[in-house]
Amino acid sequence: MRLSQPVLDRKELKAVRRVLKSEFLGMGKEVSEFEALLSDYFSNQVLCVNTGTSALQLALSAAGVGAGDEVLVPSLTYVATYQAISAIGAIPVSCDVQINDLQIDIVDAGNRLTSKTRAVVPVYFSGATTCLERVEKFSFENGLINIPDAAHALGSMNEGKLIGSGQGTNVFSLDGIKNITSGEGGLIVSSDPEVIQNAKDARLLGVIGDSSRRASRERSWDFDVRDQGWRFHMSDVFAAIGKVQLSKLENFARIRKAHFSYYSELLAEIPEVTLFDWDINDGMVPHVFVIRIPGMTSRESLRSKLLAENIPTGIHYKPNHLLSFYKNLDAAPLVATDQVFPEILTLPLHTKLTKSQISDVTMKLRKNLAHAFE
Ligand SMILES: Cc1ncc(COP(=O)(O)O)c(C=O)c1O
């Protein structure tokens, strides 16, 4: 059993073979076709890039965030969110999360506002978007740029609206274990033509207009560059995988939701386990299945007992304010994050998992729970 994994079949293999046979592996026709499909899906403009991390870096930069700007971000996220912010010289300011749903605590974020605060990056942890409305209001009232890290949230809905389909900018990841994959990949989805235009040039070394030319297999020989750019474009090989996976998203989302329900039903009978306030009926497509074991003192002992019984587990995530590079000893403590971090545990969730494997996981968790409190 695996904690997470991509699910691929002959269709992806055929698509990759088609691109290899074309002997055109860079960014071309496949990427522009993938972008067109994604634009239809989101009813918004979409740019494909090489990773979710670079999608966030490019989107922030394209929206005007730069060196010395402070960006409010929950500490409980993958380090990718932080690296994307610091890569452009901006300063990630660690914020607390709400202990019930692991979404950014907006009151705590408000206490960390300074004259340098320029943006907020909420994280739609596991595809939950319960902070969306609060963050929109907060960013509007404080004149901040709001770019949600929706790496986990492809396919998720909020109030009946697909994440990425409204106003503003969202970024997604298509890495190997996300809701769908392109091998590696990231998406900038935006209603803002300026963000799209800036990021479009920046993803290809800042060469003006090069992105559009490559869609018809042309290149720019005589060109200008007006800004810093990066080599962040997506390759046709990855776009070909992404196109097939996009057609499977609805089915994958259905399976993920069914697994989430089944886990929730079984775990409700284990009093030591607390589930987060995430509701798949609200439109969330669950990406990782994280549980909380309040008072857990020995997570590693529990994890190694489970692994010995072929149950891999994970930890989403080590908070960034504990990492040497992002530590700020002068900052106010992150009370909920520090409390919840030792108590979280991620159980296997992917679309190849079966119902009987989920019962096996919960049965073995129950059997080994005493090891969590050694
Ligand atoms: C919350 C979060 N943000 C950003 C990323 C970055 O995505 P990628 O791996 O595509 O760079 C990830 C991926 O693991 C993630 O989980």
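1. A network of salt bridges links Arg-18, Lys-29, Glu-30, Glu-33 and Lys-243. A salt bridge here is a side-chain nitrogen of Lys or Arg within 4 Å of a carboxyl oxygen of Asp or Glu. By this rule the count comes to 16 salt bridges. The model is predicted: local features need pLDDT of at least 70, side-chain atom pairs count only at pLDDT 80 or more, and totals for chains, interfaces and linings use all residues. Residues are numbered from 1 along each chain as its sequence is written, and side-chain values use heavy atoms, with hydrogens and water left out.

2. Lys-243 and Glu-30 form a salt bridge, with the closest N and O atoms 2.8 Å apart. Lys-243 sits in helix H9 and Glu-30 in helix H2 (residues 29–42), so the pair ties together parts that are 213 residues apart in sequence. Helices (H or I, at least four residues) and strands (E, at least two) are DSSP runs, numbered from the N terminus. Both Lys-243 and Glu-30 are buried. Buried means under 20% relative accessible area, exposed over 50%, and partly exposed in between (1.4 Å probe, protein chains only).

3. Glu-12 and Lys-248 also meet through their side chains in a salt bridge (2.8 Å, N to O). Glu-12 belongs to helix H1 (residues 10–22) and Lys-248 to the loop between helix H9 (236–246) and helix H10 (249–267), so this pair ties together parts that are 236 residues apart in sequence. Glu-12 is buried, at 3% relative accessibility. Lys-248 is buried too, at 12%.

4. Asp-108 and Arg-112 form a salt bridge, their closest N and O atoms being 2.8 Å apart. Asp-108 counts as buried at 13% relative accessibility. Arg-112 is buried at 10%.

5. Now helix H3. Nine of the 11 residues of H3 (residues 52–62) are buried, so the helix is largely enclosed by the rest of the structure. Among the buried ones are Gly-52, Leu-56, Leu-58 and Leu-60. What do the buried residues of H3 pack against? Their partners are strand S1 (45–49), helix H4 (79–86), strand S8 (169–173), strand S9 (186–190) and helix H7 (193–202).

6. Look at both ends of H3. At its start, a side-chain oxygen of Thr-51 reaches to within 3.4 Å of the backbone nitrogen of Thr-53. Just after H3, Gly-64 takes a positive phi of about 110°.

7. Next, the ligand. Of the 15 residues around the ligand, Gly-52, Thr-53, Asp-149, Ser-173 and Lys-178 come nearest. H3 and H4 each supply at least two residues of this shell. A nitrogen atom of the ligand is 2.6 Å from an N or O atom in the side chain of Asp-149. An oxygen atom of the ligand is 2.8 Å from an N or O atom in the side chain of Asp-175. A polar side-chain atom of Lys-178 lies 2.8 Å from an oxygen atom of the ligand. The protein covers 91% of the 390 Å² of accessible area that the ligand has on its own (Shrake-Rupley method, 1.4 Å probe).

8. Last, His-152. Is His-152 buried or exposed? His-152 is buried, at 6% relative accessibility. This residue lies in the loop between strand S5 (145–146) and strand S6 (157–158). A polar atom of the His-152 side chain is 2.8 Å from the backbone nitrogen of Ser-126. Beyond its neighbours within four places in sequence, His-152 is in contact (heavy atoms within 4.5 Å) with residues including Tyr-124, Lys-178, His-287 and Tyr-317.

Conventions. A polar contact is a pair of N or O atoms within 3.5 Å; within protein, one must be able to donate a hydrogen and the other to accept it, and residues adjacent in sequence count only if both atoms are side-chain atoms. A residue is near a molecule or strand if one of its heavy atoms lies within 4 Å of it.
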